[in-house]
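Reader: I've got a model open and I'd like to learn how to read it piece by piece. Can you walk me through it?

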Amino acid sequence: MITKNIIKSYKSWFDNYVNQFVLQYPDMSENIEIKANHSRKVRKEIVALAQSLNLNNEELLLAEIIGLFHDIGRFRQYAKYQTFSDSKSQNHAELGVEVLKENNILNDLSKKNQEIIYNSILNHSTAKIPPEKNERIVFFSKLIRDADKLDIWRLITEYYMVKEQKENKALELELPDNDEISDNVLESIINKQVVMKESMKTLNDFKLLQIGWIFDLNFNYSIKRLHEKKYLDKIFKTLPNDDRINKVRDIVDNYFQEHIKILTY
Ligand SMILES: [Fe+2]
């Protein structure tokens, strides 16, 4: 059984773990804190999402653990490589599972729950959830993917507001900030397909990839929250005002209209 005390001990282990990095790498503390706060907010977001789905207590706690630990690999990734780009370093989800295993964090949980947590972490950042027979793994992977997207939208839209005063290249995956938009990125999003990370060449491509996450949301809660928070409008404001972007905006607006009208507020 997962207890509230287990969650409490995980939260304090997480805080201590992050603090070690802050102390050891004071020059990098800002981005370490950004990722730590993201993890804490995803923990809250996934609980709210899980509550909207009437899950039982054990499932709520399991989701909470996945939320807190989904990015635990980010700290080692950043300390070692000074980037959040997996392609320039290492897969941060795999790193995260390694960290949890090395520290024997999940030892008190059942093997089944450990398997769900490890696999949901591994699946949180892939373009798609890989084929999987265990339905519980698929379900919890869907939860973390939505909760993570919602908080990344929060984080980057807050960042774009202050970017001119306080540029942070790590949050832009060090991509060049010019007027270019790659054709294959545009094509994917116009076809309502997930944009592949490998096709991103510019910051505009990255922004479009993040806009395209709307097509990958799994739960009504998430689309409703995205709509309420107006995250995509805020990203669109930072993109070139031209025909290509207007076409994407129309597609996104239509997608919202189709999906919001069937939701009850
Ligand atoms: Fe992540």
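Predicted model: local features only at pLDDT ≥ 70, side-chain atom pairs only at ≥ 80, totals over all residues.

Reader: Which residues are the protein donors of the iron ion?

Author: Donors are N, O and S atoms within 2.8 Å of the metal (3.2 Å for Na, K and Ca); water is not among the atoms, so sites may look incomplete. Here they come from Asp71 (OD), His92 (NE2) and His124 (NE2), 2.0 to 2.3 Å from the iron ion. Along the sequence the spacing reads D-x20-H-x31-H. Asp71 sits in the loop between helix H3 (57–69) and helix H4 (73–81), and His124 in the loop between helix H6 (111–123) and helix H7 (135–162), so the pair ties together parts 53 residues apart in sequence. Helices here are DSSP runs (H or I, at least four residues), numbered from the N terminus. Asp71 is buried too, with a relative accessible area of 3%.

Reader: Which residues of helix H8 are buried?

Author: In H8 (residues 183–190) they are Val185, Leu186, Ser188 and Ile189. They cover an arc of only 160° around the axis, which puts them on the same side of H8; the arc is that of the directions from the helix axis to the C-beta atoms. Exposed Asp183 and Glu187 are on the face turned away from that buried side. The cover over the buried residues includes helix H9 (203–211) and helix H12 (243–260). Just after H8, Lys192 has a positive phi of about 55°.

Reader: And how many salt bridges are there between domain 1 and domain 2?

Author: A salt bridge is a side-chain nitrogen of Lys or Arg within 4 Å of a carboxyl oxygen of Asp or Glu. The count between domain 1 and domain 2 is two. For the bounds, an automatic or database assignment gives domain 1 (4–147) and domain 2 (175–260). Elsewhere in the list of side-chain pairs, Glu45 and Arg225 meet in a salt bridge at 2.8 Å, N to O.

Conventions. Residues numbered from 1 in each chain as written. Heavy atoms only, no water. Helix = DSSP H or I, 4+ residues; strand = E, 2+ residues; numbered from the N terminus. Buried < 20%, exposed > 50% of the residue type's maximum accessible area, 1.4 Å probe, protein only. Contact = heavy atoms within 4.5 Å.
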